[in-house]
Amino acid sequence: AHELRNSLGVLTNAVAYLELAIPMDDQTIKKNFNHMKENVARANKVISDLLDFARDTRAAKSVFSISAVMDGALKDQKIPGGIKVEKRCPEGSYPVFADRDQVYHIIFNLLKNAVEAMTAPDGKSEEGKLILNCRRDNEGKVILSISDTGIGIPPEDKEKIFEPLFTGKSSGIGLGLSISQRYAELNGGSLKVDSEAGVGSTFILTLPGGDNTGERTQIHTGESTQIHTD
Ligand SMILES: Nc1ncnc2c1ncn2[C@@H]1O[C@H](COP(=O)(O)OP(=O)(O)OP(=O)(O)O)[C@@H](O)[C@H]1O
Ligand SMILES: [Mg+2]
């Protein structure tokens, strides 16, 4: 896998060099060049997702605000203007105890899927509503739900969407949800879905709360967890 990554790195640099070196005034050259650029980027994404999936078996946990991570993921995902975002998670109120990078990755994947589910079939416009909600259950777990008004998921696909390489998209890879569910479980949480075809979907991420020290000693799902609160 590392050789693959190195070859792709060489290719990425070569493409970047050519973009500067070749005059792009010929439409055929430009079209082919863009094609090449998109596919190199896509190959990079597949490799890095596959490596994540194969390699990440531990969680480096700390206490942080889920709300802040959501803001970061929302910003990086660049939600298109046609999608109204409603975030119902007061800043600072929802500390979780988990691997921050992994949680970011989960939320980023869920937002990406939600946007894709609300994108018109021609890929040209996006419209709908995205609701991010935080709450806590009576065991102190933090429950984050991300709802969209997209195409929804047919009942027969609800189990399959978490399997690696299952995709319903023409250009999908099918790793986003399997990695996300793996991360949720590594952190002592879960990732579930509730959806109705044609209406929308809600993905529900549960994580251990970060302000209940009594809970922390019980959570040892990630191998690298070394927190003791005596
Ligand atoms: N919010 C959603 N609304 C409707 N369908 C969804 C939603 N999220 C996931 N799906 C379905 O589940 C499939 C698997 O999702 P997953 O994120 O694992 O892969 P992907 O989005 O196809 O590819 P990628 O690896 O780029 O994420 C999707 O292809 C889609 O069919
Ligand atoms: Mg995805």
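In the predicted model, the largest nonpolar core holds 41 residues, and the members that touch the most others are Ile-66, Ile-107, Leu-130 and Phe-203. Helices and strands both contribute to this core: two or more residues each come from α3 (66-77), α4 (100-117) and α5 (176-186), and likewise from β3 (95-98), β4 (128-136), β5 (142-148), β6 (190-196) and β7 (200-207). The largest share, 7 residues, is supplied by α4.

The surroundings of Ile-66 illustrate the packing. When residues up to four places away in sequence are not counted, Ile-66 touches Tyr-94, Val-96, Val-103, Ile-107, Cys-134, Val-142, Leu-144 and Leu-207. Ile-107, one of these contacts, is itself among the core residues that touch the most other members.

Two of the strands that contribute to the core, β6 and β7, run antiparallel and are joined by 7 bridges. Within this pairing, Asp-194 stands opposite Thr-202 of β7. The two strands form a hairpin with 3 residues between them, and Gly-198 in the turn has a positive phi of about 85 degrees.

The largest pocket has a volume of about 980 Å³. Its lining consists of 35 residues, and those nearest the pocket centre are Asn-113, Glu-116, Thr-167, Gly-168 and Lys-169. At least two lining residues are supplied by each of α2 (27-55), α4, α5 and β7.

Note on methods:
Residues are numbered from 1 along each chain as its sequence is written. Chains are lettered from A and ligands numbered from 1 in the order in which they are written. This is a predicted model: local features need pLDDT of at least 70, side-chain atom pairs count only at pLDDT 80 or more; totals for chains, interfaces and linings use all residues. Side-chain values use heavy atoms; hydrogens and water are left out. A nonpolar core is a set of buried Ala, Val, Leu, Ile, Met, Phe, Trp, Tyr and Cys residues joined through side-chain atoms within 4.5 Å. Buried means under 20% relative accessible area, exposed over 50%, partly exposed in between (1.4 Å probe, protein chains only). Helices (H or I, at least four residues) and strands (E, at least two) are DSSP runs, numbered from the N terminus. Contact means heavy atoms within 4.5 Å. Two strands pair if DSSP finds at least two bridges between them. On a 1 Å grid over the protein atoms alone, a cavity is a set of points where a 1.4 Å probe fits but cannot get out, and a pocket is an open set with protein on both sides within 12 Å along at least five of seven lines; lining residues have an atom within 4 Å of a point. Grid points are joined across faces, edges and corners, and a volume is the space filled by probe spheres set on the points.
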